[in-house]
Amino acid sequence: MFVGHYSVAFAVKNERNKIPLWVLFVAVQLLDFLWAPFVLLGIEKVRIVPGITATSPLDLYYMPYTHSLIGALVWSGLAFAIYKAGRRAKASNAAALLVSFAVFSHWILDLVVHRPDLAIYDDTLKVGFGLWNYKGLEFGLEIAILIGGIIIYLRRNALSVARKSGIMIFGVVLILIQTTSTFGGRPLSSDRVVAITALVFYTLFAGVAFLLEKRQRKEA
Ligand SMILES: [Zn+2]
């Protein structure tokens, strides 16, 4: 799963919990944010096997720390603690719990699309429903949940017209990037390229989320 993860970030944010959107953008991709440097350092492993699924050529054969169920639960717990510590008085337990849920949502959505490469613990008992084998269906799911998340976000947050437009343009860009990734993208050449590409895109998206909210604060 790629841009579909952001549906959770959009859906979670509201004016009561006051979680910065960029924090949620990092949270929903936290497991991949960790995965990329782990791959670059050789701690976790991926290789390119064209055709291994209809959509993604990634053979994610070893990622016990970031993408096992136990690993995901541990990172979700840590995210709770880090958010509480980082925001101090501003963070309620409910908000920190939502951040922690956003982190864990990554594993659930990955479970739907991955082939059985997600371990329950360590490197054993691998699960994955394999929706990546159904290109059109997987693409439809990513886009549908992203749009659903954005609609919830637009309804639950009082936004200026400029800000609303910004979010909608961002949504369209995310859809275009997903379309290129699913149907057009250049074939990925190595594990390092995959990891670096993921880091660049995820950082860029979180940066845009930050700027979109910053602009709202200025308007207010
Ligand atoms: Zn992932």
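Which residues in helix 2 are buried? Select Leu-21, Val-23, Leu-24, Phe-25, Val-26, Ala-27 and Val-28 and you have them. A residue is buried if 20 or more other C-beta atoms, placed from the backbone, lie within 10 Å of its own.

Before moving on, note that this is a predicted model, in which local features need pLDDT of at least 70, side-chain atom pairs count only at pLDDT 80 or more, and totals for chains, interfaces and linings use all residues. Residues are numbered from 1 along each chain as its sequence is written.

**Stop 1**

Color residues 21-28, which form helix 2; seven of its eight residues are buried, so the helix is mostly covered. Helices here are DSSP runs (H or I, at least four residues), numbered from the N terminus.

Now show Ala-27 with its partners. Leaving out residues up to four places away in sequence, Ala-27 touches Ala-9, Ala-79, Val-99, Ala-102 and Val-103. Contact means that the C-beta atoms, placed from the backbone, lie within 7 Å.

Ala-27 also belongs to the largest nonpolar core, which has 55 residues; Ala-9, Leu-24, Phe-25, Ala-27, Val-99 and Ala-102 have the most contacts inside it. Such a core is a set of buried Ala, Val, Leu, Ile, Met, Phe, Trp, Tyr and Cys residues joined through C-beta atoms within 7 Å. Among the helices that each supply at least two residues of this core are helix 1 (5-12), helix 6 (135-156), helix 7 (161-184) and helix 8 (191-219). Helix 5 gives the most, with 10 residues.

**Stop 2: helix 4 against helix 5**

Select 69-87 (helix 4) and 93-113 (helix 5): their axes come within 8 Å and cross at roughly 155 degrees. That makes helix 4 roughly antiparallel to helix 5 (over 145 degrees). Axes are lines fitted to C-alpha atoms over the stretch in contact, with angles from 0 to 180 degrees between N-to-C directions.

To see the contact, show side chains including Trp-75, Phe-80 and Tyr-83 of helix 4 and Val-103, Phe-104 and Trp-107 of helix 5. By class, this contact has 13 nonpolar, three polar and one charged residues. Ala, Val, Leu, Ile, Met, Phe, Trp, Tyr, Cys and Pro count as nonpolar, Asp, Glu, Lys and Arg as charged, and the others, Gly among them, as polar.

**Stop 3: helix 3 against helix 4**

The axes of helix 3 and helix 4 come within 10 Å and cross at roughly 110 degrees. The two are therefore roughly perpendicular (65 to 115 degrees). Zoom in where Leu-30, Leu-31 and Leu-34 of helix 3 meet Ala-72, Trp-75 and Ala-79 of helix 4: six nonpolar residues, with no polar and no charged ones.

Technical notes: Angles under 35 degrees count as roughly parallel, over 145 as roughly antiparallel, 65 to 115 as roughly perpendicular and the rest as oblique. Two residues are in contact if their C-beta atoms, placed from the backbone, lie within 7 Å. A residue is buried if 20 or more other C-beta atoms lie within 10 Å of its own, exposed if 12 or fewer, and partly exposed in between; C-beta atoms are placed from the backbone.
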